[in-house]
Amino acid sequence: MALRDNIQSLLGQVSELKANNAEELEALRIKYLSKKGEITALFNEFRNVPNEEKRELGQMLNQLRQTAEGRINELKEQFEAKKAEADKLDLTRTPDPIALGTRHPLSLVREEIEDIFSRIGFTIAQGPEVEDDKHVYGMLNFAPEHPARDMQDTFFVEKEMGVQKPTDVLLRSHTSSVQTRVMTSQKPPIRVLCPGRVYRNEAISARAHCFFHQVEGLYIDKNVSFADLREALLYFSKEMFGPETKIRLRPSYFPFTEPSAEMDISCNICGGTGCSFCKGTGWVEILGCGMVDPNVLEACGIDSKEYSGYAFGMGVERITNLKYRVKDLRLFSENDVRFLRQFESC
Ligand code: PHE
């Protein structure tokens with residue numbers, strides 16, 4: 001009788017066997033079906049069963065063994081299927097690509113300008129954004145009362161918090177300050193490009209901002225002429241805006257260059273025939289330039305009888321506007337991804 005009860009109780013157990021992994025399953029197999037397993041032990045007991053009960057108990061035992069084997073095989077197949085699935089994973093595969101960010105249009109344009117000038121021998125020079133009056137104005141031949149120094153244009157940095165008096169420390173309003181630093185620290189020949197952020201105290205609107213970006217250039221050597229300047233700028237304009245581009249130089253004034261000029265390119269939107277962008281003139285202004293004033297050379301310790309040079313400066317936002325038709329300057333600093341994503345493939 002004991003055997004019958006044992007069979008029944010084991011049958012209940014084995015039909016609900018559970019295992020979390022292949023090891024646990026093997027332990028179950030050993031527990032029930034190995035030579036010393038519980039079911040095997042019942043088979044041993046079976047030998048002592050009286051003949052008249054053998055048939056029935058034999059069937060019960062077989063059913064118990066089949067159930068145990070069936071359940072164990074079922075679980076085994078489940079684990080094998082899981083393992084096969086895991087083996088399919090190629091762990092050496094590179095992960096899914098991370099979405100790449102986009103390059104900022106101002107960086108794209110600045111780098112293009114740098115690349116164009118580097119092909120004719122210009123190297124990059126950089127300097128501080130927080131500057132002193134001497135490097136931004138004084139050595140560049142600005143008269144002491146020049147209006148650019150006025151609080152309207154220049155952000156002065158207060159030395160002591162809360163003290164409202166203007167000081168000598170300011171945010172550079174052009175990267176010509178880098179040129180004075182290069183001229184005072186290097187000997188000619190000098191051929192540098194000075195890209196960087198500049199600050200002016202302007203009300204923020206679609207057409208003006210309190211900071212923007214410039215690329216200025218400076219070339220000083222013996223016998224540098226205005227024709228050299230013109231040639232370099234024509235080369236730049238054609239590289240930047242296409243081989244059809246024409247340039248036009250108009251007389252202008254900057255304290256640090258003499259003669260000074262402003263340069264227009266033939267409107268790259270209408271090709272020079274006149275459109276709303278160029279206000280019907282066929283020309284758009286893109287930069288200021290001129291021959292470095294001898295006073296500037298002397299202030300920087302360069303002999304103006306031996307050396308001459310040219311300088312030019314342009315706004316990166318302006319060039320970007322021409323290249324990519326970005327009408328509102330504020331878009332450049334708002335970091336709206338809907339704007340920035342448009343430059344994904346550039
Ligand atoms: N520094 C001038 C500006 O900020 C640009 C310029 C540079 C003009 C060099 C002439 C020569 O407007």
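Biologist: In this predicted model, which residues does I72 contact, leaving aside its neighbours within four places in sequence?

Modeller: Contact here means heavy atoms within 4.5 Å. With neighbours within four places in sequence left aside, the partners of I72 are L17, L25, L28, R29 and L33.

Biologist: Where does I72 lie, and is I72 buried or exposed?

Modeller: I72 sits in helix α4, residues 51-88. Buried means under 20% relative accessible area. I72 has 6% relative accessibility, so I72 counts as buried.

Biologist: What distance separates the C-alpha atoms of I72 and V14?

Modeller: Along the chain, I72 and V14 are 58 residues apart.

Biologist: Is the protein a compact globule or more spread out?

Modeller: The protein has twelve helices and nine strands. For 346 residues the globule rule gives 20 Å, and the radius of gyration is 42 Å, well over that value. The C-alpha trace spans about 130 × 55 × 40 Å along its principal axes. The radius is well over the rule, so the protein is more spread out than a compact globule.

Biologist: Which element gives the largest share of the lining of the largest pocket?

Modeller: The largest pocket holds about 1,400 Å³ of space. Its lining has 49 residues, with R200, F212, E285, G315 and R318 nearest the centre. Elements giving two or more residues include β5 (211-221), β8 (283-292) and α10 (316-324). The largest share is eight residues, and it comes from β8.

Biologist: How many residues in that lining are charged?

Modeller: The lining of the largest pocket has 23 nonpolar and 14 polar residues. Its charged residues number twelve.

Biologist: Is K279 buried or exposed?

Modeller: K279 is in the loop between β7 and β8. Its phi is positive, about 55°, although K279 is not a glycine. Exposed means over 50% relative accessible area. K279 has 69%, so K279 is exposed.

Biologist: Which loop holds N335?

Modeller: N335 is not a glycine, and its phi is positive, near 55°. N335 is found in the loop between α11 (331-334) and α12 (337-340).

Notes: Residues are numbered from 1 along each chain as its sequence is written. This is a predicted model: local features need pLDDT of at least 70, side-chain atom pairs count only at pLDDT 80 or more; totals for chains, interfaces and linings use all residues. Side-chain values use heavy atoms; hydrogens and water are left out. On a 1 Å grid over the protein atoms alone, a cavity is a set of points where a 1.4 Å probe fits but cannot get out, and a pocket is an open set with protein on both sides within 12 Å along at least five of seven lines; lining residues have an atom within 4 Å of a point. Grid points are joined across faces, edges and corners, and a volume is the space filled by probe spheres set on the points. Helices (H or I, at least four residues) and strands (E, at least two) are DSSP runs, numbered from the N terminus. Ala, Val, Leu, Ile, Met, Phe, Trp, Tyr, Cys and Pro count as nonpolar, Asp, Glu, Lys and Arg as charged, and the others, Gly among them, as polar. The radius of gyration is taken over C-alpha atoms; the globule rule is 2.2 Å times the number of residues to the power 0.38. Buried means under 20% relative accessible area, exposed over 50%, partly exposed in between (1.4 Å probe, protein chains only).
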